[in-house]
Amino acid sequence: MADIDIRQVAKRFGSHQALHAVDLTVADGEFVVLLGASGSGKTTLLRIIAGLETASEGTVSIGGRRVDHLPPRRRGIAMVFQNYAVFPHMTVFDNIGFGLAMQKMPAAEIERKVRRVAEMLHIEELLKRYSGQLSGGQRQRVAVARALAVEPAVLLMDEPLSNLDALLRLEMRAELKGVLQESRTTTIYVTHDQVEAMSLADRIAVMHEGRIVQAAPAPEVYHHPATRFVGGFIGNPPMNFLPATREGEGARVAGHRFRDVPAGGGALAFGIRPEDLAPAGEGFSGRVKVVEPLGPHQLVTMDLSGHLFRAVLDNDLTVRPGETLVLAPRSGRARWFDADSGDSLDPARMPEPVTGA
Amino acid sequence: MTSLATTEAEAPTRAEPRSSGRLVMASAVVVLVAWVLVPIYLLVVNALGSVAAVTAWPKALVPEFDLASLSFFANYAGVPRALLNSFLVAGLTMVLSIGLGAPAGYALARFRFPGANLFRLAVLMTRAFPLPLLALPLTVLFIRVGLDDTIIGLALVHTTLAMPFAVLIMASLFMSIPEELEEAAWTLGCSRLSAFRKVVLPLALPGIAAAGIFAFVISWNEVFAAAVLTIENKTLTAFLLQSLDVSPLPLKFAGGAVLVVPALLFLFAVRKYLFSLWGIANR
């Protein structure tokens with residue numbers, strides 16, 4: 001169990017800057033998710049922490065000591081890979097016990113630990129099998145068991161669920177959360193799936209183009225995104241954005257007037273989540289283009305003076321394409337951004353926390 | 001007559017346009033297979049026949065399975081010694097080719113270094129160099145260094161001939177083993193070397209064996225360097241060559257069979273790994 005301190009870590013691949021001076025502190029026992037699209041640098045950062053890549057600049061410390069000059073085996077980490085990397089020429093038992101055998105642990109103790117971890121992940125009956133005889137989900141459990149068996153100070157996971165089908169992913173996510181909560185291991189988890197991030201993380205570090213844009217607990221990232229990018233990346237369906245023009249203390253957005261708008265920045269941009277809109281007497285008025293019934297609610301796409309505008313509305317409301325609909329944002333849910341930099345102008349947001357807890 | 005003409009006239013209209021192509025393909029395959037198998041068959045028939053049957057004509061279709069020729073061969077002066085030399089040289093070639101080729105193949109597969117493609121090309125190009133040009137200078141050099149007429153000297157030359165293939169087979173072999181497996185081993189307590197030993201080697205062993213067998217066969221059948229570089233310690237190929245015009249027929253046939261048949265069987269056994277040389281996927 002250890003904390004992680006990443007300072008000014010940068011990484012260049014030839015002329016391509018994969019990471020720009022990244023800072024992150026992970027508290028002991030914390031579960032941090034690195035969330036971002038492909039190319040955002042999240043896997044690169046994870047591999048630098050693991051020791052599979054060397055940073056071009058900056059330092060990495062685990063448990064208070066510098067590790068960036070150490071090979072992976074001396075960092076006290078264990079890693080679960082996206083393609084599981086289960087050794088095909090060994091049984092499941094030998095796979096899980098591999099790290100323990102490398103530590104020259106006595107056979108009886110290896111047996112005990114392997115069985116305990118296998119039970120945690122419900123693979124006790126598979127111990128004598130080879131990876132070729134396992135399904136994808138089973139192989140994934142073996143990979144996780146193998147990493148947990150060595151009781152690492154830090155657990156690193158590189159998109160472990162992305163190769164599973166949707167239903168299995170859901171089940172495994174819940175199971176993983178349970179198992180990891182029990183062991184309270186400091187974990188860094190990389191994914192591009194924001195639902196996974198929201199469900200698993202103590203804190204989400206949203207990454208974009210080689211930078212950590214925001215690192216905060218899920219509700220904070222969701223309700224108070226630090227930048228326009230975060231607002232648009234988190235949440236499904238994504239946040240709506242509209243250009244806005246200041247009018248004195250307030251602003252006008254697509255014909256609707258807002259009274260109190262935070263100061264600062266140059267040009268103004270407005271954001272509202274689709275679920276924060278409700279039909280009202282006055283508000284955003286537009287023509288309904290598409291109505292998608294989604295079970296518990298319906299997704300309505302409107303044309304708002306040339307902008308595509310989405311709203312999630314109750315099912316009991318009858319909406320038909322071609323109609324004119326007037327929607328108002330829920331009080332306090334409007335989000336304001338600097339149109340050029342994308343930074344949030346929200347005064348309620350806490351200053352960018354680099355440390356956790 | 002008329003009925004034959006009608007049948008023939010009917011057939012082309014009913015047949016698929018590809019049938020003539022298939023016929024050509026089939027006959028080409030038959031010719032190629034015959035080209036390879038008939039001489040081998042003749043070899044085997046004569047090697048397994050009695051001494052008298054070798055010079056007889058026409059040849060029996062089925063070999064007599066008389067071991068007379070082969071025993072004549074085995075007892076001929078100098079043959080057992082030559083066989084042993086062939087084994088030793090081929091064995092040494094195999095060990096050297098793998099010993100040097102595996103690390104080279106691993107480096108080509110795993111490391112991105114400037115000149116990697118050039119290296120690969122250079123390795124291949126060594127085979128393009130004509131060996132006869134080297135014969136005299138090599139002999140002179142070997143005499144100077146004291147490697148002339150030794151097993152080691154010949155094995156070194158054969159290793160040079162076999163290594164390009166060994167390196168390339170093993171490079172493609174290691175490339176087919178995901179690097180993630182090694183990385184997983186590194187995070188679990190392995191150094192690069194122990195990860196190679198515990199994870200990569202067990203998975204690559206069949207391919208390495210195949211590359212080794214291929215090197216063995218190259219050395220086993222090599223004639224020119226063997227003939228030039230050995231006097232007392234002749235390998236079987238050199239031995240048969242030197243007495244080609246004066247040796248009795250049974251000896252030639254038996255010797256030929258002993259040279260060709262094992263090579264054929266070995267290569268057939270490892271053909272899967274040789275395909276990877278030419279980039280044909282086998283997984």
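Q: In what order do the elements of chain B run from the N terminus on?

A: Chain B runs α-α-α-α-α-α-α-α-α-α-α-α-α-α, giving 14 helices and zero strands. Helices here are DSSP runs of H or I with at least four residues, strands are runs of E with at least two, and both are numbered from the N terminus. A word on the source: this is a predicted model, where local features need pLDDT of at least 70, side-chain atom pairs count only at pLDDT 80 or more, and totals for chains, interfaces and linings use all residues. Residues are numbered from 1 along each chain as its sequence is written, with chains lettered from A and ligands numbered from 1 in the order in which they are written.

Q: How do I read the packing of α2(B) and α13(B), and at what angle do their axes cross?

A: Two packed helices are described by the angle between their axes and the distance between the axes. Here, α2 (residues 19–47) and α13 (residues 249–269) of chain B have axes that come within 9 Å and cross at roughly 125 degrees. That makes α2(B) oblique to α13(B); under 35 degrees would be roughly parallel, over 145 roughly antiparallel, and 65 to 115 roughly perpendicular, with the rest oblique. Axes are lines fitted to C-alpha atoms over the stretch in contact, and angles run from 0 to 180 degrees between N-to-C directions.

Q: Which residues make that contact?

A: A contact means C-beta atoms, placed from the backbone, within 7 Å. α2(B) brings I40(B), L43(B), V44(B), N46(B) and A47(B), while α13(B) brings residues including F253(B), G256(B), V260(B) and L264(B). By class, that's ten nonpolar, two polar and no charged residues. Ala, Val, Leu, Ile, Met, Phe, Trp, Tyr, Cys and Pro count as nonpolar, Asp, Glu, Lys and Arg as charged, and the others, Gly among them, as polar.

Q: Over in chain A, how many of the 14 residues of α5(A) are buried?

A: Buried means 20 or more other C-beta atoms within 10 Å of a residue's own. Eleven of the 14 residues of α5(A) pass, so the helix is largely enclosed by the rest of the structure. Among them are R139(A), V142(A), R146(A) and A149(A). Their cover includes α4 (107–120), β7 (154–158) and α6 (166–183) of chain A. After α5(A) comes E151(A), with a positive phi near 45 degrees.

Q: And where the chains meet, how many residues does each give?

A: Chain A gives 19 and chain B gives 14. On chain A's side, β6 and α3 are the elements that give two or more residues.

Conventions:
Contact = placed C-beta atoms within 7 Å. Buried ≥ 20, exposed ≤ 12 C-beta atoms within 10 Å, placed from the backbone.
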